[in-house]
Amino acid sequence: MLEIIDLHAKIADTDTEIIRGLNLTVKAGEVAAIMGPNGSGKSTLSYILSGREDYEVTSGDIRYNGESILELDASERAAKGIFLAFQYPVEIPGVATMQFLKVAMNEQRKARGEAELTTPDFIRLVKEAAAKLKIDPDMLKRPLNVGFSGGEKKRAEILQMALLEPKLCVLDETDSGLDIDALKIVSDGVNALRSPDRAFVVITHYQRLLEHIVPDTVHVLYKGQIIRTGGKELALELEANGYADVIGEAAE
Ligand code: ADP
Ligand code: MG
Ligand code: MG
């Protein structure tokens, strides 16, 4: 589903190369965890995947279902089913969460050349998704993220992800980490959405999240490269021994 080939990328209008020859393959149905010390380029990778304009790919390729997406902008990538979970949720005062979700869904449908959702269809879809994710529908009447607790923000984000039905979900969890409730919300949400035709790239600094979202593959990102790939046991090894051993072996 996702194939990143010898990718080099820098911050636009600078010479600062952050991604330096990164290779990564993620298959449909797979949950791939990306781990790595602070400053390795994890968040940069997620922004580049989502098509943010502040980064420039200088060489290499990103292929999604066999086709390069480098020429596609962020909304075109979203229309194709690539979803980046927001690391820092935006507050939208005056717009009920329901309304925001409807606009987001209809924008995506428009980009795909599909008809707008009717209000009854939209309400049915939201109710189904909210029930599946155990989200209180009352939350959806409040403005998006305004005064939301950390857990409510995560619920809104996971609900948005469920409704947009992405094929490739990229989740970048901040290094500061989630509290245990938010962790449960995110992991239950991801686990409910796992399916053979959907892949997840879960970016995390700590192993903790991966106790709840058990990955199929674990990749260590360091200085803009994947320096080691393994199964879920690699996350445990990193938790026990830190990154130093893996970094040392890669340097040899
Ligand atoms: P991680 O998410 O793994 O902690 P980041 O992708 O946030 O790493 O950052 C990778 C490197 O790029 C770091 O050295 C960081 O300082 C640098 N960096 C990220 N964004 C910028 C920016 N806008 N300007 C300059 N340097 C940046
Ligand atoms: Mg960081
Ligand atoms: Mg980061």
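Me: Which residue in the turn of the β1 and β2 hairpin has a positive phi?
Reply: This is a predicted model, and in it β1 and β2 make a hairpin with five residues between them. The two strands, residues 2-11 and 17-26, pair in the antiparallel sense over seven bridges. The turn residue with a positive phi, about 65°, is Asp-13.

Me: How many bridges join β1 to β4?
Reply: β4 is residues 55-64, and β1 and β4 run antiparallel. One pair to look at is Ala-9, whose partner in β4 is Val-57. The number of bridges joining β1 to β4 is eight.

Me: Which strands sit at the edges of the open six-stranded sheet?
Reply: The order in this open sheet is β6-β9-β10-β3-β11-β12, and the pairing is mixed. An edge strand pairs on one side only, and that picks out β6 (82-85) and β12 (225-230).

Me: Do β3 and β10 run parallel or antiparallel?
Reply: β10 and β3 stand side by side in the order β6-β9-β10-β3-β11-β12. Four bridges join β3 (residues 31-35) to β10 (residues 199-203). One bridge partner pair is Ala-33 with Val-202 in β10. The direction of these two strands is parallel.

Me: At about what angle does α1 run to β9?
Reply: α1 is residues 42-50, and this helix lies across β3, β6, β9, β10 and β11. For β9 (168-172), the angle is about 150°.

Me: Which helix gives the most to the shell around ligand 1?
Reply: The residues around ligand 1 include Gly-36, Asn-38, Gly-39, Ser-40 and Gly-41, along with Lys-42, Ser-43 and Thr-44. By class, the shell has two nonpolar, eight polar and one charged residues. With three residues in that shell, the top contributor is helix α1.

Me: What span should α4 have, at 1.5 Å a residue?
Reply: α4 takes in residues 119-132, which is 14 residues.

Me: What ipTM does the predictor give the complex?
Reply: On the protein side, the average pLDDT is 90, and 97% of the residues score at least 70. For the complex, the predictor gives a pTM of 0.91 and an ipTM of 0.95.

Key: Residues numbered from 1 in each chain as written. Chains lettered and ligands numbered in written order. Predicted model: local features only at pLDDT ≥ 70, side-chain atom pairs only at ≥ 80, totals over all residues. Near = placed C-beta within 6 Å. Nonpolar A, V, L, I, M, F, W, Y, C, P; charged D, E, K, R; others polar. Expected span 1.5 Å × (residues − 1). pLDDT = per-residue confidence, 0-100. Pairing = 2+ DSSP bridges. Contact = placed C-beta atoms within 7 Å. Axes fitted to C-alpha atoms, helices over the stretch in contact; angles between N-to-C directions.
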